[in-house]
Amino acid sequence: MTARAFSKSLKELRVHFSQGSPASRGLRDFIVGKYPELKKVNPGLPILIREANGVESRIIARFDQGRERKVVVDNLNASDVEQKFNALVSESQ
């Protein structure tokens with residue numbers, strides 16, 4: 001994935017996962033590998049990363065007018081997480 005600038009209608013990204021859960025491994029790997037590039041291309045976009053034991057692995061996007069969309073990425077590998085992520089942020093187009 002080459003990071004791209006997201007639409008201005010995307011206001012915030014929130015990422016929730018468990019620090020040690022095997023179900024969160026794909027999301028953790030995705031964040032470790034892609035966060036620096038995403039932040040570099042979208043410096044003004046808040047990307048909030050939250051870790052807590054036992055939580056469902058999910059990515060939440062907040063768009064214009066308070067609209068939110070969530071995708072659950074439990075038990076997916078980093079490549080599958082990337083596909084779900086791309087579909088989620090494409091909704092802002």
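The buried residues of helix α1 are G26, L27, R28, F30, I31, K34 and L38, where buried denotes under 20% relative accessible area, exposed over 50% and partly exposed in between, for a 1.4 Å probe and protein chains only. The model is predicted, so local features need pLDDT of at least 70 and side-chain atom pairs count only at pLDDT 80 or more, while totals for chains, interfaces and linings use all residues. Residues are numbered from 1 along each chain as its sequence is written, and side-chain values use heavy atoms, with hydrogens and water left out.

The buried residues of α1 pack against β1 (10-17), β2 (47-51), β3 (58-63) and α2 (78-90); contact here means heavy atoms within 4.5 Å. Helices (H or I, at least four residues) and strands (E, at least two) are DSSP runs, numbered from the N terminus. The 17 residues of α1 (residues 25-41) should span 24 Å at 1.5 Å a residue, and the end C-alpha atoms are 24 Å apart, which agrees; the expected span is 1.5 Å times one less than the number of residues. At K34, α1 bends by about 50°, and the proline P36 follows within four residues. The bend is the angle between axes fitted to the seven residues ending at a residue and the seven starting there.

Rolling a probe the size of a water molecule over the atoms shows where empty space is left. On a 1 Å grid over the protein atoms alone, a cavity is a set of points where a 1.4 Å probe fits but cannot get out, and a pocket is an open set with protein on both sides within 12 Å along at least five of seven lines; lining residues have an atom within 4 Å of a point. One cavity of 30 Å³ or more is found in the whole structure, and about 50 Å³ of space lies in the largest cavity. Its lining consists of L13, V15, F30, I31, Y35, L38, I47, I59 and F85. Four of these residues come from α1, the largest share. The lining divides into nine nonpolar, no polar and no charged residues.

I47, one of the lining residues, is found in strand β2 and is buried, with a relative accessible area of 13%. Leaving aside neighbours within four places in sequence, I47 is in contact with L13, Y35, L38 and K39.

The largest pocket has a volume of about 160 Å³. Among the residues that line this pocket are F6, L10, V41 and P46.

How values were computed
Points joined across faces, edges and corners; volume = space filled by probe spheres on them. Nonpolar A, V, L, I, M, F, W, Y, C, P; charged D, E, K, R; others polar.
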